Structure formats: C-alpha cells, structure tokens
Amino acid sequence: MPHDDQSTFLFLLAGAREGGNTETLARAAAAHLPTQARQTWLNLRELPLAPFDDIRHAGAGVYPQPEGAEKVLLDATLAADHLVVASPLYWYSVSSSAKLYLDYWSGWLRVPGADFKARMRGKTMWVVTALSSTDQTTADPLIGTLKLSAQYLGMHWGGALLGYANRPGDITADTEALTRAKTFFS
Ligand SMILES: Cc1cc2nc3c(=O)[nH]c(=O)nc-3n(C[C@H](O)[C@H](O)[C@H](O)COP(=O)(O)O)c2cc1C
C-alpha cells in the first residue's frame with residue numbers, strides 16, 4: 001500500500017518478552033521508512049489493559065471515556081495512518097495483549113465522541129511476526145484475525161512480514177526475512 005512521506009506509523013509491540021525477535025524484525029522494516037514518516041512505538045507490556053468488559057447490551061451500551069493506558073492506545077491509534085501490529089505467533093494467532101487491544105476496539109466503537117469507526121476507515125494495517133515453525137501457513141489464523149478485523153473497519157491491508165525464530169536473537173539468521181523487511185513498507 002503506497003503511503004506519503006508524512007504518514008504516521010504506530011508500532012504496537014505485543015510480545016511477552018523484552019528484546020524479542022518480532023521487535024527486531026519490526027525495527028528492521030521501520031529502518032527503511034522514509035525519514036519524513038513519523039514513527040510511534042508503544043509496548044503493550046507497558047500499557048496494561050484491564051480485562052475487556054462487554055457492556056454493549058447492558059443499559060445504553062455506551063462506554064466511558066478512556067483513561068490511562070487505554071487512552072494512550074486509543075489516541076495513538078486514531079493519530080496513526082498505519083497500524084503495525086508486531087506480535088509473535090502464539091498458538092497460531094496474535095498474542096493475548098494484541099487480542100485484548102483488538103477487543104477494546106469494540107468498546108471504542110461505542111465511546112461517545114471518539115468517532116472510532118469513521119476515523120479508522122482508510123488507515124492501513126500491517127503485521128510483523130516471528131514464529132518458530134518453518135511452515136509459514138501456520139500463521140494464517142494470525143493474519144486472518146488482523147486482516148478481517150481491518151476489513152471490518154474499512155481499513156486497508158498492508159501485508160504480513162514473517163520471520164523464523166525461536167530463541168531471542170534467532171531472527172538475525174533469517175536473512176530472507178531481513179531482506180523482505182527492507183521493502184516491506186514500500
Ligand atoms: C505462548 C507461546 C505460544 C507459541 N505458539 C507458537 C505457535 O503457535 N507457532 C509457532 O511457530 N511458534 C510459537 N511460539 C514460539 C514463538 O512464536 C517464537 O519463539 C517467537 O520467536 C517468539 O517471538 P519473540 O522473540 O518476538 O518473543 C510460541 C511461543 C509462546 C511463548
């Protein structure tokens with residue numbers, strides 16, 4: 001998906017350990033963004049969300065104005081033109097922190113004044129993931145979750161960057177993934 005140089009990229013780090021392969025791969029791709037592109041990096045481990053509360057059909061079904069970590073994530077999401085979910089492959093899908101973030105979208109759709117649905121339309125979703133299987137089709141559920149969620153909100157699909165890794169640092173040996181990273185966003 002083409003993007004102009006002034007675009008804002010929000011990188012959501014969704015791994016459950018520091019210095020993971022997913023982050024390394026995402027940073028390798030980000031290094032090739034145009035210098036004018038704005039990058040925001042948020043680590044979901046540093047922005048913990050409470051368990052998601054489904055109050056859609058309770059009373060008015062209106063969600064309160066987000067505060068704290070939730071507000072940081074909502075504001076950064078709305079400010080971004082490109083949303084890059086950097087989640088390791090966990091049980092064939094996104095990590096629990098990435099999934100919880102997506103669950104919050106359901107609430108943000110119902111936050112008065114957030115205009116979430118209209119403001120998400122036209123943004124682009126990307127995913128970067130590390131997996132320890134050599135069979136990349138095992139990441140299809142992760143890709144499907146993000147692609148269909150993006151589609152639900154009228155977002156574009158940018159693409160998926162997959163890398164093979166298990167222990168921290170393994171990704172540096174996946175030269176194919178690191179080569180793909182160079183042009184991932186172009
Ligand atoms: C909870 C958990 C579930 C995992 N599930 C899968 C999986 O379904 N398929 C896979 O190939 N690797 C799986 N892995 C391995 C990780 O994807 C792999 O170690 C990856 O390099 C971790 O990324 P990170 O270094 O960014 O943390 C799993 C690891 C954990 C901790």
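**Pockets, a cavity and salt bridges in a predicted model**

Good morning. I begin with the second largest pocket, whose lining comprises 5 nonpolar, 2 polar and 1 charged residues. In this classification Ala, Val, Leu, Ile, Met, Phe, Trp, Tyr, Cys and Pro are nonpolar, Asp, Glu, Lys and Arg are charged, and the others, Gly among them, are polar. Please note that this is a predicted model, in which local features need pLDDT of at least 70 and side-chain atom pairs count only at pLDDT 80 or more, while totals for chains, interfaces and linings use all residues. Residues are numbered from 1 along each chain as its sequence is written, and side-chain values use heavy atoms, with hydrogens and water left out.

Which residues line this second largest pocket? They are Leu-102, Trp-105, Ser-106, Leu-109, Arg-110, Ser-149, Tyr-152 and Leu-153. The space in the pocket amounts to about 160 Å³. As to terms, the search uses a 1 Å grid over the protein atoms alone: a cavity is a set of points where a 1.4 Å probe fits but cannot get out, a pocket is an open set with protein on both sides within 12 Å along at least five of seven lines, and lining residues have an atom within 4 Å of a point. Grid points are joined across faces, edges and corners, and a volume is the space filled by probe spheres set on the points.

Helix 3 (96-108) and helix 5 (140-152) each contribute at least two residues to the lining of the second largest pocket, and helix 3 has the largest share, 3 residues. Helices here are DSSP runs of H or I with at least four residues, and strands are runs of E with at least two, numbered from the N terminus.

I turn to the largest pocket. It holds about 340 Å³ of space. There are 21 lining residues, and Arg-17, Thr-22, Pro-88, Tyr-90 and Ala-130 are the closest to the centre of the pocket. At least two lining residues come from each of helix 1 (21-30) and strand 4 (124-131). Helix 1 gives the most, with 3 residues. By class, this lining divides into 9 nonpolar, 9 polar and 3 charged residues.

How many cavities of 30 Å³ or more does the structure hold? There is 1. The volume of the largest cavity is about 30 Å³. Leu-12, Ala-14, Leu-44, Val-85, Ala-98, Tyr-101, Leu-102 and Leu-146 form the lining, and these residues divide into 8 nonpolar, no polar and no charged. Helix 3 supplies the largest share of this lining, 3 residues. Leu-102 lines the largest cavity, and Leu-102 also lines the second largest pocket.

Now the salt bridges, each being a side-chain nitrogen of Lys or Arg within 4 Å of a carboxyl oxygen of Asp or Glu.

Arg-45 has a relative accessibility of 42% and counts as partly exposed; buried means under 20% relative accessible area, exposed over 50%, and partly exposed in between, for a 1.4 Å probe and protein chains only.

Asp-75 and Lys-71 form a salt bridge with the closest N and O atoms 2.8 Å apart. The two residues are 4 residues apart in helix 2, so about one helical turn separates them. Asp-75 is partly exposed at 38%, as is Lys-71 at 40%.

Within helix 3, Lys-99 and Asp-103 are likewise 4 residues apart, about one turn of the helix. Their closest N and O atoms are 3.0 Å apart. Lys-99 is partly exposed at 38% relative accessibility, and Asp-103 is partly exposed at 26%.

Finally, the overall architecture. The protein has 6 helices and 5 strands, running β-α-β-α-β-α-α-β-α-β-α from the N terminus on. Why can the protein be called as compact as a globular protein of that length? The radius of gyration is 16 Å, close to the 16 Å that the globule rule gives for 186 residues. That radius is taken over C-alpha atoms, and the rule is 2.2 Å times the number of residues to the power 0.38. The C-alpha trace spans about 55 × 35 × 25 Å along its principal axes, and buried residues make up 47% of the 186 residues. Of the contacts (heavy atoms within 4.5 Å) between residues at least 6 apart in sequence, 80% join residues at least 24 apart.
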